[in-house]
Amino acid sequence: APTAADYAQKSGRRVVVIGGGWGGTTAAKYVRLADPSIEVVLLEPNKQFVSCPFSNLVLSGVRTIDSITFGYDRLRAHGVRVLHDTATAIEPDAKRVRVGNDSLPYDRLIVSPGVEFQWEQVEGLAAAQDRVLHAWKAGPQTVELARQLQAMPDGGVFVLTIPPAVYRCPPGPYERTCQVAWYLKNNKPKSKLIVLDANPNIISKTALFRAAWASYPNIEYRGSNKVVKVDPGTREVTTELGDKVKYDVLNLIPPQRAGTIAVSADLVGADKRWCEVNHLTYESVKHKNIHVIGDSTIGLPVPKSGNIANAMGKISALAVVSLLSDKPVPPMAPGNTCYSWVSDREAIAVVNAYKIEGGKVVQIEQKLTPGQSEMWAQNAVGWATSIWQDMLG
Amino acid sequence: AGPLDGPGAPTAVICSACHGFAGQSQSNTMPILAGMASWYFKKAIQDFAAGKRTSPEMEPYAKQVVQFGLDDVAAYFAAQKRTVTPVTSDPAAIERGRAAAAQCTLCHGASGKGDPAKGVPDLTGQPPGYLKSQMLLFKADKRSPGDAQLKVVKALMATIPDEQLADLAAYWSSVR
Ligand SMILES: Cc1cc2nc3c(=O)[nH]c(=O)nc-3n(C[C@H](O)[C@H](O)[C@H](O)COP(=O)(O)OP(=O)(O)OC[C@H]3O[C@@H](n4cnc5c(N)ncnc54)[C@H](O)[C@@H]3O)c2cc1C
């Protein structure tokens, strides 16, 4: 298998992409589609891509992890050089990415490292990272959380904790609430699900989730209950108000920031959390020739979603190709659809369309499904089929 | 035209999240846009944008298309070579659908390719799931509710049992 050392020299124009998730795969593929004379090197440590969208269905057993796991081979067929390695530093002046002792020169760099967890925000969490599950990056933790849920005795208490906004996928925790509640209702009718939300109320598709939860009396939702401490020994979390809540199974979603490489490369703003970018090119406002896309970004009126990361991947790819060819950057706006499964067969959705105004991304409209239905769940399957193929096919 | 060529491409690539790359939908639920006649594409987008043809997904996206240039995006999809849906149907359902298809050809033509003069679209090669769900929407008067121009087709759909709608979808999807 090729390594970073094989790419220490570049002959023609080269784009390096950091992160083979929703944003990075799309960007890498679309640069190649737009201009096959540009070399594209993609860095991603994981050998397989696991989709966060639809991963909540793995918890309820409605889907298998295999059905949301894909390889990178089709991307290679587009001529993308996929290296299963981690970028360790960025040298903006030398225009190089460090991979351990090797370095990869680039003409333009696209950074899509997703989110990292702020472990230090919850007392006791840093030391218990291996035992307290987030399952907020789909993969082994998703499988382990599903196993713990299945192994929990009937009558047991499942606690799900939600960090304060902003975090990856605003409706994600509430979809997870539905999936866990659906599973418990059908398999462990004496069990209950306690949701401790740092936010005062459901932050996305509020009325639709409330309506869906009417079928799940096993949900005990507590808004404005920020978790500040976890003790895996006594199996207890503590909220900011001092309430202690016991659990049999815990799913603690920690607060988040941009991926570590974005922080160490000084791409984040004064908040040390998220990266500000140009709305037309996704070029960092802090460093030239470096573009940041996906969950790591801030300042656009868009949610942190896979659909948005995919759109940003295309827009940044076409911008980078234009900039490398001294052509005008085409004005493009993202679009977003987030489907959420509220049971094994029904879904709801929120859709956002955007335009460009005064050089900024501006929302045209947000629309919600009028209720939940099997048709929207089928459309969700259609969306997933299309978008996975758009990224990796 | 290539999948990233033309003035409509920068807007159209956003649609591939659902409709597939260059409008070549691979799923059973999302319609294929590649090769769609531009008169019908424009009508559909205008109906969505006006909120006449209701769809939580398409109403916002249609407004985005109008914002960036409807003619360009319509020309983009019309110029893409259409490949038919990869979703296959049960041969027996296709045969039953073929036997019932005469009631459609009056408007959609013997070939099913539609007729711009009558405002009737091409049905062939679309995913069977999409065709069926649209027929169910007509039947329930949920696609462009109350549209006087669609009275006849809706009245017809109302006479057809759901199972036969599925057979008709299988048949028209299979026609090349
Ligand atoms: C439970 C759940 C459900 C969700 N459901 C939906 C949904 O239905 N619809 C939707 O649109 N979105 C959904 N999302 C959100 C979606 O998953 C994210 O918004 C999306 O993954 C963001 O894409 P990204 O490219 O920014 O980051 P990611 O997809 O996380 O990709 C980042 C990649 O970068 C790699 N990486 C990080 N650092 C480095 C480095 N230094 N060097 C090399 N590689 C590196 C990582 O290994 C990772 O593969 C959901 C999320 C969750 C958790």
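How much area is buried between chain A and chain B? The area is about 2,600 Å², with carbon and sulfur atoms giving 66% of it; buried area is the accessible area (1.4 Å probe) that two parts lose on being put together, summed over both. This is a predicted model, in which local features need pLDDT of at least 70 and side-chain atom pairs count only at pLDDT 80 or more, while totals for chains, interfaces and linings use all residues. Residues are numbered from 1 along each chain as its sequence is written, and side-chain values use heavy atoms, leaving out hydrogens and water.

**Interface of chains A and B**

- Chain A brings 39 residues to the contact and chain B brings 23 residues, where contact means heavy atoms within 4.5 Å.
- Two salt bridges are counted between the chains, each being a side-chain nitrogen of Lys or Arg within 4 Å of a carboxyl oxygen of Asp or Glu.
- One of the two links Lys367(A) with Glu59(B), whose closest N and O atoms are 3.2 Å apart.

**Sheet in chain A**

- Strands of chain A in the order S6-S7-S8 form an open sheet of three strands with antiparallel pairing; strands are DSSP runs (E, at least two residues) numbered from the N terminus, and two of them pair if DSSP finds at least two bridges between them.
- Strands S6 (89-91) and S8 (102-105) of chain A stand at the edges with a single partner strand each, so one side of each lacks a neighbour in the sheet.
- Three bridges join S6(A) to strand S7 (residues 96-99) of chain A, and Ile90(A) stands opposite Val97(A) in S7(A).

Technical notes: Chains lettered and ligands numbered in written order. Helix = DSSP H or I, 4+ residues; strand = E, 2+ residues; numbered from the N terminus.
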